[in-house]
Amino acid sequence: MRPRHLLLLCALLSLISLPAAEDAFDLVIANGRVIDPESGLDAVRHVGIRAGRIAALSERALAGPEVVDASGLVVAPGFINLHWHGTDPHSNYYEAMDGVTSSFELEIGVADVDKWYDARAGRMPINYGVAIGHAPVRMVVMHDPGAFLPAGDAARRPATDTELAQIRRGVEHGLARGAVGVGFGLAYTPAASRWEILEIFRVAARYGAAGFVHIRGASSAGSADREEGLLEVIAHSAVSGAPVHVAHINSSAQEAVTRMLAIIEEARARGIDVTTEAYPYTAGMTRIESFLFDSWTDKPEQDYGKLQWVATGERLTRESFLKYRKQGGYVLIHANTEARVRTAIAHPLTMIASDGFDVEPPSHPRSAATYSRVLAHYVREDGALSLMQALRKMSLMPAQRLEARVPEMRDKGRVRAGAHADLAIFDPATVRDVATYERPAQFSQGMRYVLVNGAFVVRDGEVIEGATPGRPVRAPIAP
Ligand SMILES: [Zn+2]
């Protein structure tokens, strides 16, 4: 090539402004063991992140202004928690230290969707979303005095036709404002008729939303017939066409867990879109003044010993039960067995979800440690699940549950080019839960880096308090 032509070529090349290698990505996660439950990938890859998304997944090293060496660490999709009741963003840092990058209040939901999202804008370490809730709307319509759960008329009185119309309108408004689903605390609203619930399922179906349900009658506090509550919501789903997600099958099913998982499997085989979830603890937790304890005023004395008052850690007697029921507050219920919980966690249909609350005042260790406990106890120590199976239950399956209603969930729960850079990067040999029933507000260990929309919330194993890269996850708002 003549020198003149070479000069021309150089001039042409300089016009094609290739970015310098350092500018191609904002951040590179190098040498990590990338596990993606959707594609089945489990191999060392380099992950290039740009503008909050995964821009490249490469077998060759990538360059960037910042490179994090993830040698020996698992790079997984950030965990998606479909069951969370916390109200204080501080508690979401505990979730981040547990690998959670998106957290949803779906089982109970709220009465005012806009207010809930507005209160969180710019303040959240992880992504957040909410359901419009049948019980909260019922509480507003019936002027119920309860905190969070119904304590008066909304629990114990059937709705009049006028009230039912108001409840329906309240739920419809929430869906129009982009609620992720419809919450049903049916165990806490026993006076709501089957017709009322079916009417709300019909509203959900019109908006392509699933019902997220604490089934009727069933809880850690006891039930006459656990299968009845499950069969009811499967019927509502079949009649209305709205999908249904059954909360905490571990605590709702108790001794019936194998039978109830079989019912869900059979319903799915007949084309009904029913899913479920579990948390890895033998104790439940709920409010002592709720309907669940209405039948507890005259139990054998040893039954009260299954109850543990969260504020003090003391086990209850009939006398202290009656005292605290007047006062109101959270109580742990030690009712389940390890074998039943293992059955629930290991079943291929079950997602992992925490049912967590604010960590202060004290609550339940599940708020801070659900995901680490599954990875430590059921994957590493017990072998009930492979790492791939566990990660699928924590990320891909919950993303898929929400996709029909919230299209952006197709870009979460995966490690692939184009997906949101929500990542849980952890040491599989040391990840573990630390929180206990007596000291629930303790960070889990082993999460080395947690990224939310490409930004660090956990770095070098330490939480970055004050990091707020969380974004609202919301269904399209109706015009
Ligand atoms: Zn529940």
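H214 has a relative accessible area of 4%, so it counts as buried (under 20% relative accessible area, against over 50% for exposed and partly exposed in between, with a 1.4 Å probe and protein chains only). The structure is a predicted model, in which local features need pLDDT of at least 70 and side-chain atom pairs count only at pLDDT 80 or more, while totals for chains, interfaces and linings use all residues. Residues are numbered from 1 along each chain as its sequence is written, and side-chain values use heavy atoms, with hydrogens and water left out. H214 is one of the protein donors of a zinc ion.

**Zinc site**

- The zinc ion has as its protein donors E107 through OE, H214 through ND1 and H248 through NE2, at 1.8 to 2.3 Å; donors are N, O and S atoms within 2.8 Å of the metal (3.2 Å for Na, K and Ca), and water is not among the atoms, so sites may look incomplete.
- Along the chain, the donor spacing reads E-x106-H-x33-H.
- E107 belongs to strand β7 (residues 100-110) and H214 to strand β10 (residues 211-214), so that this pair, 107 residues apart, links distant parts of the chain; helices (H or I, at least four residues) and strands (E, at least two) are DSSP runs numbered from the N terminus.
- E107 is buried at a relative accessible area of 4%.
- H248 is likewise buried, at 2%, and is found in the loop between β11 (244-246) and α9 (249-253).
- Although H248 is not a glycine, its phi is positive, about 25°.

**Overall architecture**

- The protein has 15 helices and 20 strands.
- A compact globule of 479 residues would have a radius of gyration near 23 Å, and the 24 Å of the protein agrees with this; the radius is taken over C-alpha atoms, and the globule rule is 2.2 Å times the number of residues to the power 0.38.
- Taken along the principal axes, the C-alpha atoms fill a box of roughly 100 × 50 × 40 Å.
- Of the 479 residues, 59% are buried.
- Among contacts with a separation of 6 or more, 72% join residues 24 or more positions apart; a contact means heavy atoms within 4.5 Å.

- With neighbours within four places in sequence left aside, the contacts of F79 include Y371, L375, L391, M394, F426 and M447.
- In helix α2 (residues 89-96), 7 of the 8 residues are buried, among them Y93 and Y94.
- The buried residues of α2 pack against β6 (79-81), β7, α14 (366-381), β18 (447-452), β19 (455-459) and β20 (462-463).

**Aromatic and charge–ring arrangements**

- There are 16 aromatic pairs, a pair being rings of Phe, Tyr and Trp (its six-membered ring) with centres within 6.5 Å; planes under 30 degrees apart count as stacked, over 60 as edge-to-face and the rest as tilted.
- W296 and Y304 form an edge-to-face pair, because their ring centres are 6.0 Å apart and their planes stand at 75°.
- W296 is buried at 3% relative accessibility, and Y304 is buried at 0%.
- One aromatic cluster comprises F293, W296, Y304 and F321.
- R373 lies over the face of Y281, 5.2 Å from the ring centre, and R459 lies over that of F456 at 4.1 Å; the criterion is NZ of Lys or CZ of Arg within 6 Å of the ring centre and within 35 degrees of the ring normal.

**Backbone details**

- E360 and P361 are joined by a cis peptide bond with omega about -5°, and P361 is found in the loop between β16 (350-352) and α14.
- N453, in the loop between β18 and β19, is not a glycine but has a positive phi of about 50°.
- N453 counts as buried at 9% relative accessibility.
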